[in-house]
Amino acid sequence: MKTHEHSTDAADAVASAAGGDGAGRDASITVTTDGLPGWLDPVAHAARTVEPQQLSRFLPPESGAGRQSAVLVLFGEGARGPELLLMERAGSLRSHPGQPSFPGGSLDPEDGDQATTGPLRAALREAEEETGLDPHGVQLFGVLPRLYIPVSSFVVTPVLGWWRSPSPVGVVDPAETARVFTVPVADLTDPANRATAVHPSGHQGPAFLVESALVWGFTAGVIDRILHFAGWERPWDRAKQVPLDWRT
């Protein structure tokens, strides 16, 4: 990986420990931009340069409190071009039931150091457990700064991946996952599919109406910022609102 232009807290530590251009201290897991398709270059650049406060106003508590977790933001290439892998959480889950999300979850002790390679292993492990993804076909190419989900106290590290060798995916455990699907980036950037989600609490945030799903909350926020800083965002009507049901 190229040298970062500035520090992004845990993101730098994670990427540094994982290794530069495939030659890190831990040979079992690496973060590298070698061989990425050209269309991912803007995303890799954003990962190297974005500041935490540019991604969200919800940042991890300075006290260090919070449940350490990671998500895999996996880009692939499908029949309609670049796409993202998403899943819909089971409605019976205690945290964020029924919401579309990136694969991911809490760090386990066996994942290792939460400040270095732990989030990388957790993102791949959780993606395999939830979607059946073969992690050997994924090239990790960047790490975004850690973010915070106040409602569940999760401190989340978004790990960026390129689906170099696609593998079959689907629901592994219906108790955790309702469905697994991919969304073309072209649909995410289509202004007709964009809206502002309005929560009963009054909180507002970006939303995407794609693949018969309403993507909102943390996941939509990360997608929104990636599209923006990668230069893929198209003007859209921010006055178009989608109210969220009180049960969410």
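Which strand is threonine 157 found in? I looked it up: threonine 157 is in strand β7, residues 154-163. (Strands are DSSP runs of E, at least two residues, and helices are runs of H or I, at least four, numbered from the N terminus.)

Before going on, I noted that this is a predicted model, where local features need pLDDT of at least 70, side-chain atom pairs count only at pLDDT 80 or more, and totals for chains, interfaces and linings use all residues. Residues are numbered from 1 along each chain as its sequence is written, and side-chain values use heavy atoms, with hydrogens and water left out.

**Threonine 157.** (Buried is under 20%, exposed over 50%, partly exposed in between, with a 1.4 Å probe and protein chains only.) Leaving aside neighbours within four places in sequence, I found threonine 157 in contact with residues including Ser69, Ala70 and Val71. (Contact is heavy atoms within 4.5 Å.)

**Strand β1.** Next I looked at β1, residues 67-78: nine of its twelve residues are buried, so the strand is largely enclosed by the rest of the structure. β1 pairs with β7 in the parallel sense over nine bridges, and there leucine 74 stands opposite glycine 161. (Two strands pair if DSSP finds at least two bridges between them.) With β4, residues 104-106, β1 pairs antiparallel over three bridges; serine 69 stands opposite serine 106. β2, residues 81-89, runs antiparallel to β1, joined by four bridges, and a hairpin of two residues links β1 to β2. I also noted glutamate 83 in β2 as the bridge partner of glycine 76.
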